[in-house]
Amino acid sequence: MFEKILIATDGSRHSRRAAEAAIEMAGLYGSTITALYVIDIGREYAPLGDLVSKEADSMIAGIRGNLKQQGDEATKEVAEMAERAGISAERRIVEGYPAEEIIRLAGEEKAGLIVMGGIGETGLNRFLLGSVADRVVRSSAIPVLVVRRD
């Protein structure tokens, strides 16, 4: 039923809790794990507005590099958790709009389940803009497990 489980992570403690639940399920179902981090192009580059200059290009490259590093750390943590539990895991880092990319990649990977935390790094933005989890739950044809905070 859940041969592949996609874990969407942002490196937050809520994502770690979701990863723990997903890895436990993977052990029960004999699933493999894909740890996904999405570099949010809408949120991270928006403050730069319409700047067109070498400075803006340099700033964007710096932001992108920092976010890729965060993604590498977040997906590495999930993969290591899975491997300690004897679960096969792969890591993916993509750029885009998080909800869209989570759904797209889950489809590409033929995931049977998407697992994610209910609250991530966004705090007030979640309240004002609506959460990525809400968007994924409302739009995904693939079942979604949202793991709430402690």
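Two strands count as paired if DSSP finds at least two bridges between them. Helices (H or I, at least four residues) and strands (E, at least two) are DSSP runs, numbered from the N terminus. The model is predicted: local features need pLDDT of at least 70, side-chain atom pairs count only at pLDDT 80 or more, and totals for chains, interfaces and linings use all residues. Residues are numbered from 1 along each chain as its sequence is written, and side-chain values use heavy atoms, with hydrogens and water left out.

**View 1. Strand β1 and its partners.**
Ile5 stands opposite Leu113 in β4. The two strands, β1 and β4 (residues 113–117), run parallel and are joined by 4 bridges. With β2, strand β1 pairs in the parallel sense over 5 bridges, and Ala8 is placed opposite Leu36 in β2. In general, strands of a sheet pair through backbone hydrogen bonds, either parallel or antiparallel.

**View 2**
The 5 strands form an open sheet in the order β3-β2-β1-β4-β5, with parallel pairing. Strands β3 (89–96) and β5 (144–147) stand at the edges, each with a single partner strand, so one side of each is left without a neighbour in the sheet. From one strand to the next, the twist averages 25 degrees.

**View 2. Helix α1 against the sheet.**
Helix α1 (residues 13–29) packs on the sheet and touches β1, β2 (32–40), β4 and β5. The direction of α1 makes about 175 degrees with that of β1 (axes are lines fitted to C-alpha atoms, for helices over the stretch in contact, and angles run from 0 to 180 degrees between N-to-C directions). Together, β1, α1 and β2 make a right-handed β-α-β unit; a crossover is right-handed if, with the strands pointing away from the viewer, the path from the first strand over the helix to the second runs clockwise.

**View 3. Ile23 in helix α1.**
Ile23 is found in helix α1 and, at 9% relative accessibility, counts as buried (under 20% relative accessible area, with exposed over 50% and partly exposed in between; 1.4 Å probe, protein chains only). Not counting residues up to four places away in sequence, Ile23 touches Ile7, Val78, Met81, Ala82, Ala85 and Ile87, where contact means heavy atoms within 4.5 Å. Ile23 and Val115 are 92 residues apart along the chain, and their C-alpha atoms are separated by 9.8 Å.

Strands β2 and β3 run parallel and are joined by 8 bridges, with Ala35 opposite Arg91 in β3. Thr75 lies in helix α3 (residues 54–84) and is buried, at 0% relative accessibility. Leaving aside neighbours within four places in sequence, Thr75 is in contact with Thr9, Ala35, Leu36, Tyr37, Arg91, Arg92 and Ile93.

**View 4. Confidence along the chain.**
The mean pLDDT of the chain is 86, and 81% of its residues reach 70 or more; pLDDT is the predictor's confidence in each residue, from 0 to 100. Confidence is highest in strand β1 (residues 4–8), at a mean of 98, and lowest in helix α5 (residues 124–129), at 45. Over residues 125–130 the pLDDT is below 50, and this stretch has 9 contacts in the model beyond near neighbours in sequence.
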